[in-house]
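Okay, thanks everyone, let me put this one up on the screen.

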Amino acid sequence: MNNATANGLPPGRRAIDIVNAGLSKRYRRERRFRLYGISAILASLLFLSFLFGSIISKGYTAFQQTFIRLDIFFDPAILSQESLTTANYPGVVKQSLRQMFPEVTTRQDKRMLYGMVSNDAAFQVRKLVLDSPEMIGQTLPIWVAADDDIDMLMKGHFDLDVPESERRINDVQLAWVDRLQQENRVEKRFNRTFFTAGDSREPEQAGILGAVMGSFYTLLVTLLLSFPIGIASAVYLEEFAPKNRWTDLIEVNINNLAAVPSIVFGLLGLAVFLNFFGLPRSAPLVGGLVLTLMTLPTIIIASRASLQSVPPSIREAALGIGASKMQMVTHHVLPLALPGILTGTIIGMARALGESAPLLMIGMVAFIVDIPGGLTDSATVLPVQIFLWADSPERAFVERTSAATIVLLAFLIVMNATAVILRKKFERRW
Amino acid sequence: MIRKSILLATATFFMATAGSAYAASARDNISIVGSSTVYPFATVVAEQFGKTTSFKTPKIESTGSGGGFKLFCAGVGVEHPDITNASRAMKKSEYDKCQANGVKEIVEVKIGYDGIVVANSKKASPLKLTRKDIFLALAKNVPDPSGAEKLVPNPYKTWKDVNNSLPAAKIEVLGPPPTSGTRDAFVELVMEEAAKGFPFIKAMDKNDFKAAAHTVREDGPYVEAGENDNLIVQKLNANPDALGIFGFSFLDQNTDTIQGSFVDGVQPTFEAIADGSYPVSRPLFFYVKKAHVGVIPGIQEYLTEFTSEKTWGEDGYLSEKGLIPMPDQERQQYQSDVKALKPLMMK
Amino acid sequence: MDAAANFEELTVGIENTQTASTGPAKAKSGRILFDRDSRDTVGEPFVEDARMTCRDVNVYYGDKQAIKDVSLDIGRNEVIAMIGPSGCGKSTFLRCLNRMNDTIDTCRVTGQITLDGIDVYGKDIDVVPLRAQVGMVFQKPNPFPKSIYDNVAYGPRIHGLAQNRAELDDIVETSLRKAGLWEEVKDRMDQPGTGLSGGQQQRLCIARTIAVSPEVILMDEPCSALDPIATAIIEDLIDELKQQYSIAIVTHSMQQASRVSQRTAYFHLGDLIEVGDTAQIFTTPRHQLTQDYITGRFG
Ligand SMILES: Nc1ncnc2c1ncn2[C@@H]1O[C@H](COP(=O)(O)OP(=O)(O)OP(=O)(O)O)[C@@H](O)[C@H]1O
Ligand SMILES: [Mg+2]
């Protein structure tokens, strides 16, 4: 049988010999490709761990805060003078500090002494007195937050080798801190303020709750708008719209929108929502609307891809027993596409969570202390808070910037993990 | 079913949207915009004000001085800001815009001074510069080194080229971009002043002079470092040969790692800026829309807080944040003007 | 290969009942066969008391014509098989009958198709009740990724065929019994339909189709993915179903066509070449193309 020539092979050569000859080359190629893949992944892991490492190593200290124990004398002489709400609480704190350091007499030194504790101490005392006025007349040990400079000193962020005149903490203050430490009056504790307070210009009083709530309200608006609108648009375009030049045009535009720099959406929001509709500046409502514009293309594209991936046999099955198009979509196609749609939505949301540029235009890049309680209250969002802190001169904001970044990353990781879990959970194989 | 709930959610949402438009008509917090240089000071006052009074804490946006005036002068009404901060005085053109949009009465409040420093890392020794040195090092076109009275593209590569008494280090200055108020002030206070020292430049017509004095070189030695002054500070630490240009408050917060260069023989210290001997300093302002006083709750009280001695005085809390207070007399003058809400007049 | 074996011996002179452009020719064996180039339908495409009628049906995919001037009836309680080489338009024709082709944007249908005298392509015909009356079983089993019960119950549910749960259970059970699947799945009704074997899935799809009590069932190569045993089960099922339903079945297996169908239609490149009683088609085809196809001499 001279099959070889019939197959177009040179006579005397069997196909298997040729296959075998090329085999090692094929495997080599495959090994090389795997190697490239692994090194690409390793490289990105390396960058990622570098990023995380640097942020976490800079930021973890912000989750602790230095506290100083003061023996506060709730002096009836000061506290009964006026009504208790407006009494001179800073005076109470100052008096206690003076009693602890009786040797401090000059005006300059006293100022330095008062500066050792956060000016929040007075508000803390005020709250205590208002809650239980029977304290008046007693002397009680109270832990108050240290000033940010002392906090930085305790965390070792100051170089003590430079000449005294060039340090933010001078030798006198160092001596005071030493003394407080010897008396066990200095302690590092978990920094609750960081999670329960709004922004502040005093680092030791600054927290991310305001920004987190702002992000929450903003994303709530974004989700409530972009999810249904995104799904509706995707379903309409994919299942109902005729395929013609108009729908092509719409598709091209949607794809383009997904690539538009986000600041453009901010400009649009400024022109439309603020100037035309007269919605309030800096409000999560407007932020949410702007981010909706930004996330919609992502959601629509992801949803359409996900709808497309539902096998046509399922559609035919439903139509074949007399389901209407709407029933086919809602009973079969949409449930099957949902994991993909949810993944797209969460990824869109995660992008919206990290976005700050478009919010600049609508006034959400702002110093806002009060924690927003609704959609129209002035608010800022987490990435903006990070940006604002990064731009603050106080040294203690450096670690808080990183800490806020850690929180943001944590949110992003949770969201993306949810996307993965949802996909895993609902993913069906046909 | 899903579709129905989608429709429902969307409808509810638009209703909520429409409803909130009404809510916006009753703003109960002061809205402040403007300069990023004044921002660190205004925010401290706002926070203090919010804590110690029953009013809400004012909202402060950092939009830059020009951006602030634009928003401020857009009109009267709750959707427009009540106060704008500025690291320079209001320009006539901006004043006219305000007038045209019905913002008739504006109260100007000067709050103090800010020094602009040229600083380097403590790892190097402090530089003793003159404004002329800085101009020659950073201008795009400089007077011909041969002495001829004409401008040539900046040939200087090292500080020693500029001035023999300076070290032979490469010129490398990190500074703010043109959008920044700090840059405006720097150009005006350093470059322009130095340019005037050359009679032939001073004699140029207005536009030519501006071009000569205001244009910063783009061939490398001047690096636009973005608006983030903290970043500049970090970069200086990494590169001892580099100089940085930023506001005094950042030097004040980082005196352990960086130092201010001498400018015309004076080092940027709190005292030197306050008494005016340090040449590169500028006044900071804010402007109040008088029509909003009494409409938006708390404006009057905010003004009182800002202009009290414990805030902007010699020992006030703003000085701790790096603001250089005005002399006593000027403060008193402004305090009484503010109390009377004396409107700004520009002819 | 019974049909082919018989072929040689038969020398039946067949008169031409249809008008053909090219007249009958005498085959080598002496029989009169219609010429290869003749495209008019040979045989009797019409029946008395038809359930569905098709008249001059043309189907186009864009510019390409996939079905050319086909006229054919589907009678009551009969199984009609459609055979022909791949790509000749069998599926296309079948899908016209319940307007499944509507889902293809480029597809255009002309001519007239009626169900019980009503034009299914009529202006105010709703495809939903049409498809409830003309059910379809596809080549590849395509159960919903839902439970076995829900697969069968879905049609009755959306059409509101059951008043209550008990009635629905009843419909599901009868349908599964008819499809010959009940005994195999009655204990795992809540398990996914996609977890069944290929043959079981196809029977599930048949049960799903008959659960809505259609009048006509269209089957597009229902056994192409099945082994002989599963095929036999489905063929028995088809035999049983024809008591109540009209069935049109596309198949590539001539044995299957001869086993299950009463009439057979042979398609070639969009034309309906020949139609007649199954026995006659497989024993004494009258068109050269039909003969070539069933003797395997095609191409
Ligand atoms: N959606 C479509 N778009 C364009 N052309 C199509 C489409 N579906 C089928 N066709 C074409 O129509 C012709 C008939 O196709 P059809 O699927 O009806 O063939 P068939 O007889 O069922 O073949 P098979 O036995 O392989 O299933 C073929 O030429 C095919 O290429
Ligand atoms: Mg087919």
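So, disulfides: taking a pair of cysteine sulfur atoms within 2.5 Å as the rule, the count is one over all chains. That one joins Cys73(B) to Cys98(B), S to S 2.0 Å, and with -75 degrees about the S-S bond the link is left-handed. Cys73(B) sits in the loop between α3 (65-72) and β3 (83-86) of chain B, and Cys98(B) in helix α4 (residues 92-100) of chain B, so the pair ties together parts 25 residues apart in sequence. Helices here are DSSP runs of H or I, at least four residues, and strands are E runs of at least two, numbered from the N terminus.

Before I go on: this is a predicted model, where local features need pLDDT of at least 70 and side-chain atom pairs pLDDT 80 or more, while totals for chains, interfaces and linings use all residues. Side-chain values use heavy atoms, without hydrogens and water, residues count from 1 along each chain as written, and chains are lettered from A and ligands numbered from 1 in written order.

What about Cys54(C)? Its sulfur is 8.0 Å from the closest cysteine sulfur, in Cys96(C), too far for a bond.

Now chain C against chain A. In contact, meaning heavy atoms within 4.5 Å, are 23 residues from chain C and 18 residues from chain A. The rule finds one salt bridge across this interface (a side-chain nitrogen of Lys or Arg within 4 Å of a carboxyl oxygen of Asp or Glu): Glu316(A) with Arg95(C), closest N and O atoms 2.8 Å apart.
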